[in-house]
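Welcome! Please take a moment to look over the sequence and the 3D structure, and then let us walk through them together.

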Amino acid sequence: MVTDAPAARLQKAAAVGGFRSLADNAVDWVRQGKTTLQEVDRVIGSAGAELEKTGYSVTEAVNGIAALAQVRQTVATAGLLVLVLTGSSSEDTEAQLMDEGADDYIRKPLEPARFVARVKAALGRAGT
């Protein structure tokens with residue numbers, strides 16, 4: 001059936017039927033660690049805005065070293081656990097990030113069981 005219903009009404013009907021937008025699904029994937037905010041932005045754009053709508057604060061950095069510096073310089077975030085998950089094989093970058101306060105540095109590809117163990121160990125060291 002074809003209809004001339006306003007877009008808002010169609011979106012509401014779709015939501016009632018279980019439809020979720022690509023952006024909603026992407027935000028869930030970021031929360032679950034299945035992808036990164038950068039990848040979502042590359043593919044669909046505006047992921048940061050979607051996360052901010054759900055109560056998250058989003059700050060971009062040019063790289064992991066700059067991101068770590070941003071986290072560690074603010075009193076409100078200085079004590080956060082920072083796990084670096086990367087595809088980089090640079091030992092120099094790993095050493096620098098660990099020296100600057102990263103709690104762990106994990107390279108991709110990863111084995112799920114080992115990844116979970118490393119996260120649990122980091123959480124244990126952090127007392128959470």
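Where does Thr36 lie? Thr36 sits in the loop between α2 (22-32) and α3 (37-43). Helices (H or I, at least four residues) and strands (E, at least two) are DSSP runs, numbered from the N terminus. With a relative accessible area of 33%, Thr36 is partly exposed; buried means under 20%, exposed over 50%, and partly exposed in between (1.4 Å probe, protein chains only). Thr36 and Leu85 are 49 residues apart in sequence, and their C-alpha atoms are 10.0 Å apart in space.

A word on reading the values. This is a predicted model, in which local features need pLDDT of at least 70, side-chain atom pairs count only at pLDDT 80 or more, and totals for chains, interfaces and linings use all residues. Residues are numbered from 1 along each chain as its sequence is written, and side-chain values use heavy atoms, leaving out hydrogens and water.

The protein chain has 7 helices and 2 strands, and along the sequence they follow the pattern α-α-α-α-α-β-α-β-α. Of its 128 residues, 19% count as buried. The average pLDDT (the predictor's confidence in each residue, from 0 to 100) is 76 for the protein chain, and 74% of the residues score at least 70. The table gives the two ends of the confidence range.

| Helix | Residues | Mean pLDDT |
|---|---|---|
| α4 (lowest confidence) | residues 47-53 | 61 |
| α6 (highest confidence) | residues 91-99 | 89 |

Helix α6 also has a packing partner. Helix α5 (residues 64-73) and α6 pack at an angle of about 5°, with their axes 10 Å apart. That makes α5 roughly parallel to α6, a label for angles under 35 degrees. The axes are lines fitted to C-alpha atoms, for helices over the stretch in contact, and angles run from 0 to 180 degrees between N-to-C directions. Gly64, Ile65 and Leu68 in α5 meet Thr93, Gln96 and Leu97 in α6, where contact means heavy atoms within 4.5 Å.

Finally, is Asp104 buried or exposed? Asp104 counts as buried because its relative accessibility is 9%. Asp104 belongs to strand β2 (residues 104-107). Leaving aside residues up to four places away in sequence, Asp104 touches Val82, Leu83, Val84, Met98, Arg118 and Arg125. With Arg118, the side chains make a polar contact (2.6 Å), meaning a pair of N or O atoms within 3.5 Å; within protein, one must be able to donate a hydrogen and the other to accept it, and residues adjacent in sequence count only if both atoms are side-chain atoms.

How values were computed: Angles under 35 degrees count as roughly parallel, over 145 as roughly antiparallel, 65 to 115 as roughly perpendicular and the rest as oblique.
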